[in-house]
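Please look over the sequence and the structure shown here before reading the briefing below.

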Amino acid sequence: MSPSGDDGGLSRLVHEVRELVLGDRTLYESGRLTVSEEAARSLLRDPALAEVRLACASPGESVRIIGALDAVQPCSKGPGGGGVFPGFLGPALPPGRGETHVLRGTAVLAAGHLPRAQEAVIDMSGPAAPLSPLAATHNLVIEFERAPDAAWEEVEAALRRGLLRLAVHLAEAALEAEPDAVEVLPDPASFPDGRPRVGIVTNLQTQGKFKDVFVYGRSLSGGLPTLISPNELDDGAVVSGQYGHPALKNPTYLHQTHPVVAALRERDDLWLAALVLCPEPVDQGTKELVSAHAARLCAGLGLDAAILTKEGGGNADADVSLKMDRLEEEGIATVGIFAEMAGRDGTGPSLVVPPSLAKAMVSTGNYDERVSLPSCARALGGDRLALLDRPATDELELPAAAVYCALNPLGWGRLTCSEAA
Amino acid sequence: MRIAHYLNQFFAGVGGEDAAGAGPDLREGAVGPGKRLAALMGDEHPIVATAFCGDDHASGHPEFAAALVEEMREMGAELLIAGPAFTSGRYGLACGRIVSAAAQAGLPALAAMHPDNPGLAEAGGTPVVASGATAREMRPSLERLAAAARKLAAGEELTTEDGRIGLVPRTNRLAKRSAAQRAAALVLERLGGDREATEIPLPSFDQVTPAAPVADPADALVALLTEGGFVPAGNPDRLESARATKWVRHSLEGLDSVQAGEFESVHGGFSTQWANADPNRILPLDVARELEREGAIGGLHSEYFATTGNGTTVADARRFGVEWAAELHQAHIQAVILTAT
């Protein structure tokens with residue numbers, strides 16, 4: 001099997017970023033990424049944005065980002081991106097083959113106000129840092145002001161385009177560099193051995209403006225489950241436009257680096273056989289249709305087991321639970337990843353809608369438990385935390401629900417919840 | 001660690017049923033069964049104060065607990081032990097209330113009662129260990145209580161092995177591996193035939209018996225309620241858009257319908273675009289007034305109640321329900337229309 005190209009697999013050319021600075025010219029050299037402020041501004045320019053500001057936030061710094069919106073990992077297949085982020089930058093066609101340059105250890109991240117977005121706090125150091133994937137990356141943070149007559153939908157679209165353009169621009173700086181690692185990702189459909197075939201069923205939130213997720217640039221709202229290669233995620237086939245529920249959010253960065261995809265790839269006793277993307281409908285009838293259809297699809301793929309992921313809170317639990325039940329009826333063993341809503345003292349019922357036929361569930365932690373964040377030296381994304389009406393740099397006590405990706409339902413985190421052992 | 005001990009009037013030696021109305025009080029040192037407890041705890045953990053209250057007073061005046069906790073702290077208490085209350089309901093209630101108040105005030109606390117004691121729920125997530133059913137089992141009950149107290153004093157968590165009963169709080173902690181890695185491992189267990197393995201126990205929910213149908217709606221006073229985050233424009237009460245901890249009430253007097261620009265939904269769980277274009281679709285005042293005019297209902301309550309049903313904890317939702325029911329009973333409401341979003 002050749003490492004890439006005609007066998008349908010993808011080679012990831014990984015360039016580690018260990019330092020991020022602003023400068024005159026965008027450059028990647030020996031782990032140091034320099035970002036041209038002028039080039040970045042020009043990529044973000046849009047009539048809906050009156051002003052953009054750029055800042056760096058690196059792991060270990062005394063920096064708090066509030067109002068974190070989406071985050072994107074820089075990647076590119078060639079000049080202009082070469083087809084990454086299909087439907088936005090590349091043509092709306094399935095990617096996921098050939099070679100992709102990835103800047104690992106860095107992200108571009110927008111922070112500020114959008115309707116329906118909430119607190120979304122990232123502390124780059126201190127006790128909350130281990131709770132957020134974006135506290136472990138060198139972040140190029142984009143702050144912005146809305147143009148006076150621009151609609152918020154236009155602001156959101158401008159930010160989304162801008163982040164993706166920037167992500168490609170940064171990765172282009174490494175196109176000629178020697179990669180730190182080459183990771184060969186086989187085509188899941190090609191594997192012949194006898195390991196159990198495990199699928200991932202990933203529900204994407206589809207709740208309208210500011211709460212939507214895009215596949216090849218299109219919302220899955222109103223649609224049915226669909227099968228894509230997990231390798232397409234590395235090339236940005238799934239892009240988030242969902243800004244609610246900070247702790248239960250799946251930013252583009254975590255679709256690109258899907259934690260369950262990664263966890264299955266690293267095992268030699270399970271085979272990642274399929275990735276099924278599903279909408280998270282808002283009415284019961286459609287939830288049932290999508291669940292039954294996803295189960296038939298998985299049965300048709302000959303899966304032995306499936307891991308289910310979601311985005312968002314209580315209503316999204318129903319989608320996971322219904323699918324677990326329908327999959328179990330098809331003879332497919334299921335494991336659901338859930339966040340708990342057990343109340344501030346952890347004594348309430350953890351789930352709004354539990355599954356009835358299966359009970360293998362992984363907990364990403366209790367949403368309502370408080371976390372204490374110490375004061376910090378500077379804040380990005382805003383001056384005041386609206387939830388508490390306090391300066392953003394203050395010592396804060398917040399529900400875990402307010403910490404960006406703290407209970408990530410794609411399974412990124414180590415946070416969990418249990419009774420005393 | 002300096003201990004305060006809570007007893008009811010009987011075990012404190014104040015009196016029997018005749019003294020059940022006695023108010024809260026405090027004495028230095030150990031009293032009654034506290035003397036045996038003190039001996040079990042040893043010199044390292046002296047009982048510095050004994051608090052007590054009549055059982056009737058404690059049932060009727062929940063605020064007794066916070067006041068006693070404050071006084072215990074002033075006397076230097078670092079740990080509160082309550083009971084054992086055995087199956088005595090009012091005493092168990094008082095023990096549950098005082099340990100819960102202590103925990104809220106940051107004072108570690110522990111109670112003992114029989115698992116069937118109705119006061120167990122009052123303790124919330126504060127630790128309770130099982131005692132025997134009656135005072136005949138005082139000695140083994142105190143031994144178990146003392147062992148659990150020593151463990152708590154050492155900063156350890158109590159488990160069922162220590163005799164822990166009641167609600168056990170689930171707390172956040174960091175696992176060695178990510179949730180995704182644990183999910184993959186759980187798949188292997190499932191494929192190996194284990195159908196029980198899970199990190200989240202299945203919750204059990206209350207079964208609610210619906211009220212009897214309204215005999216004649218034309219005689220009934222009807223209230224409009226909603227969990228749709230429905231507030232006057234500008235949200236003067238700052239009702240939360242998610243994880244609500246309160247509810248609001250506003251007058252509907254003189255209104256024939258609710259107008260865009262005067263009312264809005266601050267609910268964070270759905271797109272409020274259409275609700276805000278016509279607020280009657282969240283709070284159906286327009287059609288309710290028509291029903292009122294037609295005589296199909298006896299009348300409409302003069303105000304509406306609203307909260308936000310989005311990530312609300314069951315404990316808060318239950319409290320809103322109790323408060324709403326009490327308010328509606330007082331206003332002689334026979335039926336409600338509760339719109340959900």
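Predicted model: local features only at pLDDT ≥ 70, side-chain atom pairs only at ≥ 80, totals over all residues.

Residues are numbered from 1 along each chain as its sequence is written, and chains are lettered from A and ligands numbered from 1 in the order in which they are written.

**Chain B as a whole**
- Chain B has nine helices and 15 strands, where helices (H or I, at least four residues) and strands (E, at least two) are DSSP runs numbered from the N terminus.
- Chain B is more spread out than a compact globule, because its radius of gyration is 26 Å, well over the 20 Å that the globule rule gives for 341 residues; the radius is taken over C-alpha atoms, and the rule is 2.2 Å times the number of residues to the power 0.38.
- Of the 341 residues in chain B, 44% are buried, where buried stands for 20 or more other C-beta atoms within 10 Å of the residue's own, exposed for 12 or fewer, and partly exposed for values in between, with C-beta atoms placed from the backbone.

**Where the chains meet**
- In chain B, 43 residues are in contact with 63 residues of chain A, contact being defined as C-beta atoms, placed from the backbone, that lie within 7 Å.
- On the side of chain B that touches chain A, the largest share, eleven residues, comes from α6(B).

**A helix pair in chain A**
- Helix α6 (residues 284–300) of chain A and helix α7 (residues 314–329) of chain A have axes that come within 8 Å and cross at roughly 40°; axes are lines fitted to C-alpha atoms, for helices over the stretch in contact, and angles run from 0 to 180 degrees between N-to-C directions.
- α6(A) and α7(A) are therefore oblique to each other, since angles under 35 degrees count as roughly parallel, over 145 as roughly antiparallel, 65 to 115 as roughly perpendicular and the rest as oblique.

**Backbone features**
- Most residues other than glycine have a negative phi, and most peptide bonds are trans.
- A:Ser30, although not a glycine, has a positive phi of about 45°, and A:Ser30 is exposed, with 11 other C-beta atoms within 10 Å.
- A:Arg116, also not a glycine, has a positive phi of about 70°, but A:Arg116 counts as buried, with 21 C-beta neighbours inside 10 Å.
- B:Gly83 and B:Pro84 are joined by a cis peptide bond, with omega about 10°.

Note on methods. Contact = placed C-beta atoms within 7 Å.
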